[in-house]
Amino acid sequence: DLLSINFSLFLTYWLCKYQLDDSIFRNILFLIPATTSSLLIVYYFTGVYRGISKYVGSKSIYEITLRNFLIILSIYFYSKIFNLKFFSFQFFILFWILSFFFIGLNKLLIRDILIFFNKINVSNKFFKKVVIYGAGQAGAALYASLKTDDRIIIKAFVDDDKRLWNR
C-alpha cells in the first residue's frame, strides 16, 4: 500500500504536467513522508490489516475509498499548514482517484492470487458435501460462511417452512 500510494503521488505529478524544479522537488520530498505517515496512521486506526485478503469484497473497496479520502484530506491540511501553494484542488482529487485505483487493484489481485493457490492446494483433497437445515436468515449466514471454503460443496437447503421452498 505504501508503494501504491507513493506511486500514485508521482503519477499525479506527471499527469498534472508539473515541471520538476527545485521548489516542486522539495514539495515532493515533503509529501512522501507526509503521505507515508498519514497512510500508516489512518490504516492502523481503521484496522485495514485485520481482515484476511481472501474476503475482500465491495465493502472493502468502499472502506479503501474512505481511508484514502482521509489520507488525502490530511495531506491537503499538511500542504495548507506548511504553505505549499503549489498544489491545486484538482491535484488532490486526481491523487485520491489514483491511490484508490492502485490500492484497490492490489487488494483484489492479492485476493485472487490467494483464492487461485487455495484452489490448487485443495483440488486433490476430499470434498465434503453439505446440506444446510434452515433456509432463512441463519441458513443464509451459514451459506455465506461455508462458500469461502473450497473443500465444502453445498448441495441443498432443507427447511420445514413451506414459504422458503424452491427459492
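**Figure 1. Salt bridges in the predicted model.** A search of the whole structure, which is a predicted model, finds 2 salt bridges. In one of the pairs, Asp1 forms a salt bridge with Lys107, and the closest N and O atoms are 3.1 Å apart. This pair links distant parts of the chain, 106 residues apart. Asp1 lies in the segment before α1, and Lys107 lies in helix α4. Lys107 has a relative accessibility of 13%, so this residue counts as buried.

Figure 2. The side chains of Glu63 and Arg67 meet in a salt bridge, with 3.8 Å from N to O. How far apart are Glu63 and Arg67 in helix α3? They are 4 residues apart, which means that about one helical turn separates them. An α-helix has 3.6 residues a turn, so residues three or four places apart point the same way. Is Glu63 buried or partly exposed? Glu63 counts as partly exposed because its relative accessibility is 30%. Arg67 has a relative accessibility of 8% and therefore counts as buried.

**Figure 3. A nonpolar patch on the surface.** Leu66, Phe69, Leu70, Leu73, Phe77, Ile81 and Phe82 form this patch. Together these residues have about 680 Å² of accessible area. Leu70, one of the patch residues, is placed in helix α3, which runs over residues 58-81. The relative accessible area of Leu70 is 36%, so Leu70 is partly exposed.

Figure 4. Helix α1 covers residues 2-15, which is 14 residues. At 1.5 Å a residue, the helix should span 20 Å. Which residues of α1 are buried? They are Ser4, Ile5, Asn6, Ser8, Leu9, Leu11, Thr12 and Tyr13.

**Figure 5. The largest nonpolar core.** This core has 18 residues, and Leu31 and Ile71 have the most contacts inside it. The elements that give two or more residues to the core are α1, α2 (22-46), α3 and α4 (89-122). Which element gives the most to this core? It is α2, with 6 residues. Leaving aside neighbours within four places in sequence, Ile71 is in contact with Ile5, Thr35, Ser38, Leu39, Val42 and Tyr43. One of these contacts of Ile71, Ile5, is also among the buried residues of α1.

Figure 6. Asp159 is found in the segment after β2, a strand of residues 152-158. Is Asp159 buried or exposed? Its relative accessibility is 16%, so Asp159 counts as buried. Apart from neighbours within four places in sequence, Asp159 is in contact with Tyr133, Gly134, Ala135, Gly136, Leu164 and Trp165.

**Figure 7. The protein chain as a setting for the close-ups.** The secondary structure of the chain comes to 5 helices and 2 strands. Read along the sequence, these elements follow the pattern α-α-α-α-β-α-β. The chain has 167 residues, and buried residues make up 29% of them. Among contacts between residues at least 6 apart in sequence, 75% join residues at least 24 apart.

Methods: Residues numbered from 1 in each chain as written. Predicted model: local features only at pLDDT ≥ 70, side-chain atom pairs only at ≥ 80, totals over all residues. Heavy atoms only, no water. Patch = residues over 30% accessible without salt bridge, like charges linked within 9 Å, V, L, I, M, F, W, Y side chains within 5 Å. Areas by Shrake-Rupley, 256 points an atom, 1.4 Å probe, with all protein chains shown as cover. Salt bridge = Lys/Arg side-chain N within 4 Å of Asp/Glu carboxyl O. Buried < 20%, exposed > 50% of the residue type's maximum accessible area, 1.4 Å probe, protein only. Expected span 1.5 Å × (residues − 1). Contact = heavy atoms within 4.5 Å. Core = buried A, V, L, I, M, F, W, Y, C linked by side-chain atoms within 4.5 Å.
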